[in-house]
Amino acid sequence: MDWAGFAQRLASLARDLLAQESVDDTLARITDSATELVEGCDAAGILVLHGKEVRTLAPTEQLVIDSDRLQERLGEGPCFDVAHAENGERVYRIRDFTQEQPSWPEFAPRAHRLGVGSMMGFLLYTEDEELGALNIYSRRPGAFTEASELAGWLLASHAAVAFSSARTQAQLEQAVATRHLIGEAMGILMGCHHLTEEQAFDVLRRYSQENNIKLREVARRVCEQGPLS
């Protein structure tokens with residue numbers, strides 16, 4: 001492993017990640033980088049686990065999606081273990097899917113039939129019972145070494161920071177956009193019905209609660225269709 005070269009590429013990646021324009025772009029750059037920087041990596045993806053519901057983000061190949069769906073269907077697999085581990089484990093490595101894996105007796109043989117030879121995973125974040133993990137796959141058994149695991153962990157550490165930053169930025173942008181939309185809708189109601197700001201906002205809020213529609217969507221409806229009937 002050329003650690004000097006790896007360090008240079010990782011530093012360049014850190015700058016590149018922060019320059020991405022959206023969360024999706026950031027995630028895609030993370031998973032693409034896994035195939036570039038981690039020796040033995042053929043495919044990568046980010047799995048988000050909420051309870052037992054699985055979502056696959058930025059998969060580089062169909063193999064990633066198939067593996068995630070398999071874990072969801074079986075309710076078994078390394079990501080589930082990482083999510084519920086009591087010892088704070090944040091990294092796993094399955095060296096050889098051709099061998100018996102007592103921890104995942106259902107998942108392992110089926111994953112091997114999908115084409116998985118070995119696999120690693122790194123926890124990215126936990127929030128409100130939601131798990132995010134970077135999963136790295138090889139079609140070859142025994143493809144990942146101690147050096148591969150260290151490289152993956154370093155990549156995941158940078159990825160977690162970039163992912164968190166991108167999510168925060170997206171949330172802030174959405175909050176600003178929502179505030180602007182609500183303000184525009186209030187202006188329409190104030191002009192049409194001669195209401196004060198407080199009264200206009202109360203109209204939007206009551207409609208939202210009575211019809212179980214998010215306030216943002218109520219405001220959008222007013223902006224697109226006019227005052228509420």
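The following dialogue explains how to read several features of a predicted model.

Biologist: What should I know about the numbering and the pLDDT limits before reading the model?

Modeller: Residues are numbered from 1 along each chain as its sequence is written. The model is predicted, so local features need pLDDT of at least 70 and side-chain atom pairs count only at pLDDT 80 or more, while totals for chains, interfaces and linings use all residues; side-chain values use heavy atoms, with hydrogens and water left out.

Biologist: How many helices and strands does the protein chain have?

Modeller: Helices (H or I, at least four residues) and strands (E, at least two) are DSSP runs, numbered from the N terminus. Here the protein chain has eight helices and five strands. Read from the N terminus, the order is α-α-β-β-α-α-β-α-β-β-α-α-α.

Biologist: Which residues of α2 are buried?

Modeller: A residue is buried under 20% relative accessible area, exposed over 50%, and partly exposed in between (1.4 Å probe, protein chains only). In α2 the buried residues are V23, T26, L27, I30, T31, S33, A34 and L37. They lie on the same side of α2, because they cover an arc of only 155° around the axis. The arc is that of the directions from the helix axis to the C-beta atoms. For the protein chain, buried residues make up 41% of the 229 residues.

Biologist: What span should helix α2 have?

Modeller: The expected span of a helix is 1.5 Å times one less than its number of residues. Helix α2 has 15 residues (23–37) and should span 21 Å; its end C-alpha atoms are 21 Å apart, in agreement.

Biologist: Which residues of helix α5 are buried?

Modeller: In helix α5 (residues 107–114), they are F107, A108 and A111. These buried residues fall within an arc of 90° seen down the axis, so they line one face of α5. After α5 comes G115, with a positive phi near 120°.

Biologist: How many bridges join β1 to β2?

Modeller: Two strands pair if DSSP finds at least two bridges between them. Five bridges join β1 to strand β2 (residues 53–57), and the two run antiparallel. L49 has V54 in β2 as its bridge partner. The hairpin of β1 and β2 has two residues between the strands, and G51 takes a positive phi near 65° there. Strand β1 (residues 43–50) is mostly covered, with seven of its eight residues buried.

Biologist: What is the relative accessible area of I136?

Modeller: I136 has a relative accessible area of 0% and is therefore buried. I136 belongs to strand β5 (residues 130–138). The C-alpha atoms of I136 and C41 are separated by 6.2 Å, although the residues are 95 residues apart along the chain.

Biologist: How many salt bridges does the structure hold?

Modeller: Side chains of opposite charge can pair when their charged atoms come close. A salt bridge is a side-chain nitrogen of Lys or Arg within 4 Å of a carboxyl oxygen of Asp or Glu. The structure holds 11 salt bridges. One of them joins E146 and R93, with the closest N and O atoms 3.1 Å apart. This pair links distant parts of the chain, with E146 in helix α6 (residues 146–193) and R93 in strand β3 (residues 91–94), 53 residues apart. E146 is exposed, at a relative accessible area of 56%, whereas R93 is buried at 15% relative accessibility.

Biologist: Which residues make the nonpolar surface patch?

Modeller: Patches consist of residues with over 30% relative accessible area and no salt bridge, with like charges joined within 9 Å and nonpolar side chains (Val, Leu, Ile, Met, Phe, Trp, Tyr) within 5 Å. Accessible areas come from the Shrake-Rupley method with a 1.4 Å probe; for residues, only the protein chains shown count as cover. Here M1, W3, L150 and W153 make a nonpolar surface patch of about 390 Å². M1 is found in the segment before α1 (3–18) and, at 39% relative accessibility, counts as partly exposed.
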